[in-house]
Amino acid sequence: QVQLVESGGGLVQAGGSLRLSCAVSGRTRSGYSLGWFRQAPGKEREFVAGISWTGSGTYYADSVKGRFTISRDNVKNTVSLLMNGLKPEDTAVYYCAADLYGQHYDYWGQGTQVTVSS
């Protein structure tokens with residue numbers, strides 16, 4: 001089993017910044033990708049950002065491109081999401097996820113709430 005635990009959520013004013021972190025533990029294997037997703041009230045979960053094992057490949061939703069930065073530390077087994085220029089529409093529960101076999105994200109954290117006030 002693989003466990004993911006997010007931290008760093010909170011309340012911030014529009015234009016502010018937050019940094020989310022996710023600790024990965026358990027029976028992982030090298031080569032896995034990590035990602036961040038979010039789900040706003042009444043909406044479906046959506047992809048926010050993803051990162052390859054080496055960190056050389058990063059991917060972003062158009063809505064966050066240029067504002068959010070994903071990074072990982074394979075020694076500490078963590079993935080982070082630096083969020084700048086936050087907007088009220090970024091308000092959601094943010095989840096980190098792991099794709100161990102290159103097929104789909106099959107392990108998920110419990111989520112952390114991010115609220116952006118206008």
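**Salt bridges, notebook entries**

I began with glutamate 46 and arginine 38, whose side chains meet in a salt bridge at 2.6 Å, N to O; the term stands for a side-chain nitrogen of Lys or Arg within 4 Å of a carboxyl oxygen of Asp or Glu. I note that this is a predicted model, in which local features need pLDDT of at least 70 and side-chain atom pairs count only at pLDDT 80 or more, while totals for chains, interfaces and linings use all residues. Residues are numbered from 1 along each chain as its sequence is written, and side-chain values use heavy atoms, with hydrogens and water left out.

I then looked up accessibility, taking buried as under 20% relative accessible area, exposed as over 50% and partly exposed as in between (1.4 Å probe, protein chains only). Glutamate 46 is partly exposed at 36%, whereas arginine 38 is buried at 5%.

Next I followed arginine 38 to aspartate 90, where a salt bridge has its closest N and O atoms 2.9 Å apart. Arginine 38 sits in strand E4 (residues 33-39) and aspartate 90 in the loop between strands E8 (78-83) and E9 (92-99), 52 residues apart; strands are DSSP runs of at least two residues, numbered from the N terminus.

Which other residue pairs with aspartate 90? Arginine 67 does, with the closest N and O atoms 2.8 Å apart. Arginine 67 is buried at 13%, and aspartate 90 is buried at 1%. Through shared partners, the salt bridges join Arg38, Glu46, Arg67 and Asp90 into one network.

How values were computed
Helices (H or I, at least four residues) and strands (E, at least two) are DSSP runs, numbered from the N terminus.
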